[in-house]
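This briefing is for a reader meeting the structure for the first time. Please look over the sequence and the model below before reading the notes.

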Amino acid sequence: VQLQAFGGGLVQAGGSLRLSCAASGRTFSDYVMGWFRQAPGIEREFVAAISWRRSITYYADSVKGRFTISRDNVKRTVYLQMTSLKPEDTAVYYCAAASSLGRRDYEYPYWGQGTQVTVSS
């Protein structure tokens, strides 16, 4: 599966952004989808994940209550709605696909290119 993330940008603290990740290739609905992020000098970290039936979602504690992951299997797209953004959310955000639900980046064999999110204070 090939993934392409987009929707990043510059936003003020307290603002919102929605990231999208479009998939092509093998059946999108077969995959668990996840979002990760990496800030300069920091290891890539888990943000959120969603099961293929959308019935199970995982969130990092740092984004719980502010970010929402969702997917549209018809449009082959996964979304990350981000609200109440903070400067510490600034990072390159990556979408990824896996065959089983997890929080670790090594569990995801398929990755899209990143999209930059910058939150100004």
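Which residues are linked in a network of salt bridges? They are Arg37, Glu45, Arg66 and Asp89. The model is a predicted one, and the values below are computed from it.

**Salt bridges**

- The salt bridges in the model number five.
- Arg37 takes part in a salt bridge with Glu45, where the side chains meet at 2.6 Å from N to O.
- Another salt bridge joins the side chains of Asp105 and Arg44, at 3.4 Å from N to O.
- Asp105 sits in the loop between β9 and β10 (110-111), and Arg44 in the loop between β4 and β5, so the pair ties together parts that are 61 residues apart in sequence.
- Asp105 counts as partly exposed, with 26% relative accessibility.
- Arg44 is partly exposed too, with a relative accessible area of 32%.

**Disulfide**

- One disulfide turns up in a search of the whole structure.
- It is formed by Cys21 and Cys95, whose sulfur atoms are 2.0 Å apart.
- The disulfide is right-handed, because the torsion about the S-S bond of Cys21 and Cys95 is about 60°.
- Cys21 is in strand β3 and Cys95 in strand β9, so the pair ties together parts that are 74 residues apart in sequence.
- Cys21 and Cys95 are both buried.

**Open sheet**

- Four strands make up an open sheet in the order β1-β3-β8-β7, and their pairing is antiparallel.
- Strands β1 and β7 are the edges of this sheet, each pairing on one side only.
- On average, neighbouring strands of the sheet are turned by 15° against each other, with direction ignored.
- Between β7 and β8 the antiparallel pairing runs over six bridges.
- Ser70 has Tyr79, in β8, as its bridge partner.

**Largest nonpolar core**

- The largest nonpolar core has 38 residues, of which Met33, Trp35, Leu80, Met82 and Tyr93 touch the most other members.
- Two or more residues of this core come from each of these elements: β1 (2-6), β3 (17-24), β4 (32-38), β5 (45-50), β7 (67-72), β8 (77-82), β9 (91-98) and β11 (115-120).
- Strand β9 gives the most to the core, namely six residues.
- As a general point, nonpolar side chains in soluble globular proteins tend to be buried together.

Methods
Residues are numbered from 1 along each chain as its sequence is written. This is a predicted model: local features need pLDDT of at least 70, side-chain atom pairs count only at pLDDT 80 or more; totals for chains, interfaces and linings use all residues. Side-chain values use heavy atoms; hydrogens and water are left out. A nonpolar core is a set of buried Ala, Val, Leu, Ile, Met, Phe, Trp, Tyr and Cys residues joined through side-chain atoms within 4.5 Å. Buried means under 20% relative accessible area, exposed over 50%, partly exposed in between (1.4 Å probe, protein chains only). A salt bridge is a side-chain nitrogen of Lys or Arg within 4 Å of a carboxyl oxygen of Asp or Glu. Two strands pair if DSSP finds at least two bridges between them. Axes are lines fitted to C-alpha atoms, for helices over the stretch in contact, and angles run from 0 to 180 degrees between N-to-C directions. A disulfide is a pair of cysteine sulfur atoms within 2.5 Å.
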